Amino acid sequence: AVIGQEIGGVDDPTLHYIVFAKPLLTRLQQILTQTAGFALLVMNKGGRVPMLDVPLALAAEQLALGSEELDALPVPEPARHQYHHAIQAVAAMRQAIDLVAICMRCGRDDPTRAALTHRLRVATDHLRAASQLPGFGMVDLKQACCACHATPPHTVNL
């Protein structure tokens, strides 16, 4: 075992990607949460929500900035799959923001509402997948050896 081994040089492409992608993904998650909140307000009000014009425009602007930053990131091979999900999340979020604006002018029975809900779900799924940065995969502890030791012994009734 090597103790204190250096992860890599400062110019390590995967490390560079992780350092810059993590805060960007956090911002994208915040924009998605805001957009979902806007959608909920529009769905509950059943139409025009004038107080949302400016916040919705700001969310679209922040998403555009985040998209530009994402496009500017050099993507190493180990991060390609994760990057694909991030790009797809941004596209779905852009569509969701556009659909919120449309839903502000449509009736309760308009099919655009279903499309908005679907786009929000797609964006959430892609952003969740994108949040799994290279080298930071989640471990299912239910499958760990210590999980077997944590189960109570079976009792036998005689």
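Exposed here means over 50% relative accessible area, buried means under 20%, and partly exposed is anything in between (1.4 Å probe, protein chains only). The buried set in α2 is Leu56, Ala59, Leu63, Gly66, Ser67 and Leu70. Those residues take up an arc of only 105° around the axis, so they sit on the same side of α2; the arc is taken from the directions running from the helix axis to the C-beta atoms. As background, an α-helix has 3.6 residues a turn, so residues three or four places apart point the same way.

Keep in mind that this is a predicted model, where local features need pLDDT of at least 70 and side-chain atom pairs count only at pLDDT 80 or more, while totals for chains, interfaces and linings use all residues. Residues are numbered from 1 along each chain as its sequence is written, and side-chain values use heavy atoms, with hydrogens and water left out.

## Length and cover of α2

How far apart are the end C-alpha atoms of α2? They are 29 Å apart, which agrees with the 28 Å that the 20 residues of α2 (residues 53-72) should span at 1.5 Å a residue. The expected span is 1.5 Å times one less than the number of residues. The cover over the buried residues of α2 includes α1 (13-45) and α3 (80-103).

## The whole chain

The protein chain has five helices and zero strands, giving the pattern α-α-α-α-α along the sequence. Helices (H or I, at least four residues) and strands (E, at least two) are DSSP runs, numbered from the N terminus. Of the 158 residues in the protein chain, 34% are buried. Take the contacts (heavy atoms within 4.5 Å) between residues at least 6 apart in sequence: 77% of them join residues at least 24 apart.

α1 and α3 pack at about 25° with their axes 10 Å apart, which makes α1 roughly parallel to α3. On the α1 side, the residues in contact include Leu25, Ile31 and Phe38, and on the α3 side they include Tyr83, Met93 and Val100. Axes are lines fitted to C-alpha atoms, for helices over the stretch in contact, with angles from 0 to 180 degrees between N-to-C directions. Under 35 degrees counts as roughly parallel, over 145 as roughly antiparallel, 65 to 115 as roughly perpendicular, and the rest as oblique.

His126 touches His85, Gln88 and Ala89, leaving aside residues up to four places away in sequence.

Gln95 lies in helix α3 and is partly exposed, with a relative accessible area of 35%. Gln95 and Leu116 are 21 residues apart in sequence, with 8.0 Å between their C-alpha atoms.
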